[in-house]
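Here is a short briefing on one model. Please look at the sequence and structure first, then read the points below.

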Amino acid sequence: MSHPNQAANFLKDEKRAHWHDETLWFVREKRDISSKGIPEWEELRKLASGIKDHVLSKLDYYLEELEKTASANGIKVHWAKDAAEHNEIVLSILQEKKCKAIVKSKSILTEECHLNPFLEKHGVEVVDTDLGERIVQFLNQPPSHIVLPAIHLKKRDISEIFHEKLQTEKGNEDPAYLTNAARIHLRDKFMKAKVAITGVNFAIPETGEFVVCTNEGNADMGVHLADVHIACMGIEKIIPKREHLGVFLRLLARSATGQSITNYNSHFRSPAPGKEIHLILVDNGRTEQLSREKFKNSLKCIRCGACMNTCPIYRRSGGYSYGSTVPGPIGSILSPGIDVKKYSTLPFASTLCGSCSDVCPVKINIHEQLYEWRQEITKAQGWSAKEMSMKMANGIFKSPLAYKVSGKVLRATLKTLPDSLIYNPLNAWGKGRNVPEVPKESFKEWYQKNRS
Amino acid sequence: MKVALFIPCYIDQFYPHVAKATLELLEKLGCDVSYPMDQTCCGQPMANSGFERETVGTTKQFLETFKDFDFIVAPSGSCVLHVKEHQPKIERQEAEQKEIQHKVYELSEFLIDILKIGTIKGSFPHKIGFHSSCHGQRGLRLSSSSELNEKPFNKAKDLFAGIQGLEVVELTRKDECCGFGGTFAVTEEALSIQMGKDRLSDHLAHQVEIICGGDTSCLMHLQGIAERNNKPVKFMHLAEILNQAIS
Amino acid sequence: MSSKSMILSKIKKLAQEEKPLPEIPSFEVVGDLVETFKNSVAMNKGTVISAMELQDLVNSGAYPKVYSGSKLIEDLKTFDLPAHPKDLNDLDLAIIDGQLGVAENAAIWLEDDNLGLRAVPFITQHLVIVLEQSKILGNMHEAYGMIGAHYSGFGLFIAGPSKTADIEQSLVIGAHGAKSLRVVLV
């Protein structure tokens, strides 16, 4: 379904949509306060952007370096050209370890690769251990936000699903009570898992280590209790040196939730005695995106989710309206690179207000890329402006009221704007809005009479 | 100093009084202003819909119409941003195009940055809410953006500062988009309306008499929603308030 | 062709022009670093206590199973580290030394040497980190400057007790890891 339809559905429950908007705006406000506490904030953004630009410009070098240094540290490095290969690699490790149940902390990459259904098909039980992710997993839903996976749900929804799955008291909606129930439930899973999967926030070729950030501590609970740690990362997650972490860790949590830093920032450099660490480097369309001059810097994204929290569209349409693994503004510039037809409405799900670009900690020009994708999409779909405007104009004549109004309008505008799209689809305009009164004469007519 | 008035097509057709106010205001401030009759739509609706490549004709027309002026001034941040950033490159006219893109100004930035008038002296005893259009704000940087860690500024509010009796309220969400967005207003109708309603509520919660803005397109959208829902608030373009207030 | 060479050759084929790697300038943190650090701990829902208070806490009997790896304060442990981390599941309180603290965000750096077992600060119900006041630095840049590339198989910054806001953005302390963090400054 297209974004406009999904958004319209979401907005039908006006109260809930308003709550969703307010909740995410609250996160955006926390981010504002936190970022404004750092005098050098804008300079940090510039640095982060520059560091990422540099990495992307010699990504092949850094990937090889990372493989060298990480391998020297005893980390087993794997390369996956696409999602299928990534999933196969994970499965083969699990099979080698005869592992039938794993714990997994938040990783957008494994969502992108649809790892969970793949493993489940092969008889592996996957337990998402981030609380929000566990909640949506219980409901058989994907995360609706990359940092706040269950942000679309209310306490009541969670209470109900926990009552069903974890036998919590019916009607008890206390977040502390529900969280504690999840703690007990998941601790049992942690104690039993032989293999733990995590994502990667940053990988450092200088030291051959990678960093995973969480607030709950679930990634660490998983990997330190398991025998094998599998870390999955997109190839763009590299930053050259440890010192660069100083820049990124200052930006990440402040942008994401307004915290000054995530609670646990774990640097994995070599496995503990007797244990294993596997690092899977995944392409899955990233080299393709890197080849697109106008869109390559979308790969600078550090998945903080700030563009979602600030986006007036995302807040009022919810993550699922995008139908893509990464929703929101950043998702709308990443997804068309994966499937331009399937995601053709996403770059249009924006007013190009530019808030996403100003909030982005690595200064991705998101709204400009949305504009550029629009140009690409109309080309790829073989649309012409004339066809589009005809299509829209056709709609007008279906509504008699709109016809009456638009006739006048069209008469007035068609003289100057034969191709204009803006006034033709007046039926959609007039549904919830009045049309401006048409004055007796245009400015041009007035000027001609009075001034020239 | 020859100043050309660049009037967005929808202002020409629906809001001629905004164009008149702009003209009169610039004249009162001593500018030699004229309105080149051959101007058409700048091509923004097309370009934002993904058809920038089909606006070559309009763009050539724009260059031809405005090339002989020192400054081109429009009562619209959005159209100015389009001319500056989204006109397709016109072959063999690159230098000329660049020059024109440099001399096109939105009204408030022309008054502040070129005429350097600082503020407008006059009186306008009303309580208003100012709606910063996103293209003006984050595109042209006419005011500071709440996302950035920068010193707050707002060129329109600077112009208001010398006007007696004029109270500009501080909105709860300082600079959220109104949901107009050009064709977005119709392709994402439901969202557009909701965003407009929310923006309107913020102004109304602060008991404003008038919602003012530098882009008539945003105001047209907000006004359409306000009227449909019988909200008692007036709408005026920045140029109208300044032109009425100036003494 | 292996996936590795495929990925690398795809990138090489782009023949990108190398963009410069920016230098990180030094950013100073003004004010009393210890005070700022204490405020940051509180912001993260941790608490700063004295060594005396810690002793009282342990003596109170509220924490039957206490592990201490601290070399900075008197040994308060009631049992020795097991061979396998899963045997720490009933650990009530862990006391470990931090290497340095960061005033701007209360992040405390720890390495394998401090942890004993990597699972300790996560699996314990309650966590105490002992930190020398003189090891408090201004910001993350200074912290990484101090840490350098020093080798430890595992290192981490801990900034507070485990927490989540995944249920309607209500902050709950104690998601999976430690339900409380106390910092003892010495």
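**Where chains A and C meet**

In β8(C), A:N265 has C:F157 as its bridge partner. This is a predicted model: local features need pLDDT of at least 70, side-chain atom pairs count only at pLDDT 80 or more, and totals for chains, interfaces and linings use all residues. Residues are numbered from 1 along each chain as its sequence is written, while chains are lettered from A and ligands numbered from 1 in the order in which they are written.

**Chain contacts**

- Strand β8 (residues 264-268) of chain A pairs with β8(C) in the antiparallel sense, over 5 bridges. Strands (E, at least two residues) and helices (H or I, at least four) are DSSP runs, numbered from the N terminus. Pairing takes at least two DSSP bridges between two strands.
- 57 residues of chain C are in contact with 68 residues of chain A. Contact means C-beta atoms, placed from the backbone, within 7 Å.
- On the side of chain C that touches chain A, α1(C) gives the most, with 8 residues.
- Chain B and chain C do not touch; their nearest C-alpha atoms are 16 Å apart.

**Strand β6 of chain C**

- In β6(C) (residues 126-131), 6 of 6 residues are buried. Buried means 20 or more other C-beta atoms within 10 Å of the residue's own, with C-beta atoms placed from the backbone.
- β6(C) and strand β3 (residues 93-97) of chain C pair in the parallel sense over 5 bridges. C:D97 stands opposite C:V130.
- β6(C) also runs parallel to β11 (residues 180-185) of chain C, joined by 6 bridges. There, C:L131 stands opposite C:L185.

Key: Contact = placed C-beta atoms within 7 Å. Buried ≥ 20, exposed ≤ 12 C-beta atoms within 10 Å, placed from the backbone.
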